[in-house]
Amino acid sequence: MEAFCRTELLIGKEALTKLAASRVAIFGIGGVGGYVVEALIRSGVGALDLIDNDTVAVSNLNRQIIATTATIGQYKTDAAKERCLLINPDAQIRTYRTFYLPETAAQFHFQEYDYVVDAIDTVSGKLSIIEQAVRAGTPVISSMGAGNKMDPAAFEAADLSETSVCPLARVMRRELRKRGIEHVKVVYSKEPAITPAGITNPDENSHKRQIPGSNAFVPAAAGLIIASEVVKDLIKR
């Protein structure tokens, strides 16, 4: 396919065929997950499941690739699907307007995926995604903390057991160990978190809460690294 001929020059026709035959689930289509979706669809992955219940907000414009003035108010899954099909009309895109929680896990059949990407924020959901993927024997990669950071070069892919600095990785390590899971691939940053100056989210009318600061390049870097790991692993299978 001409759209992916430059990729084929790097990985070869057989590997490109593997990507076209692969189905990847991306849980969370925000700052990190949106760039995972972008890179996977542009790499020729043939089928994507997009899971998110959020809508595009004005405050997403600074960092989320699917966020434009035209998509504000749309479900993120719908905006991402439309973007994917504009890039590859032959792709199979399934969308789920739901937040992944242990209570919604039954909606998803992890054994049908070739790879699972965890790009959600809640610890309970992240733990459940990893547990379900491990139980199904499906490769999984998890995004650690990307908020309150300024250095995109500080991100790297590693086994969770080898991470340091990141508070979320520390929590995930402890909780997964309780569940008998010692090893999982993650993307994390060694940059210490910056204390954000603001305390409220302009798009939330509920109680005030501390929200993480973010920018255009840090979540993007994390998402692109995740996508690269998925692609490299898929073509090795």
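The model is a predicted one, in which local features need pLDDT of at least 70 and side-chain atom pairs count only at pLDDT 80 or more, while totals for chains, interfaces and linings use all residues. Residues are numbered from 1 along each chain as its sequence is written, and side-chain values use heavy atoms, with hydrogens and water left out.

I then checked the contact between these two residues. Asp 49 and Arg 23 form a salt bridge (a side-chain nitrogen of Lys or Arg within 4 Å of a carboxyl oxygen of Asp or Glu), with their closest N and O atoms 2.4 Å apart. This pair joins distant parts of the chain, 26 residues apart: Arg 23 lies in strand S1 (residues 23-27) and Asp 49 in strand S2 (residues 47-51). Strands are DSSP runs of E, at least two residues, numbered from the N terminus.

I next turned to Glu 175, whose salt bridge with Arg 179 has its closest N and O atoms 3.3 Å apart. Glu 175 is buried at 16% relative accessible area, whereas Arg 179 is partly exposed at 36%. Both belong to a network of salt bridges that also links Glu 131, Arg 174 and Lys 178.

I also noted Arg 177 and Glu 182, a salt bridge at 3.6 Å between the closest N and O atoms. Arg 177 is partly exposed at 43%, and Glu 182 is partly exposed at 41%.

Methods:
Helices (H or I, at least four residues) and strands (E, at least two) are DSSP runs, numbered from the N terminus. Buried means under 20% relative accessible area, exposed over 50%, partly exposed in between (1.4 Å probe, protein chains only).
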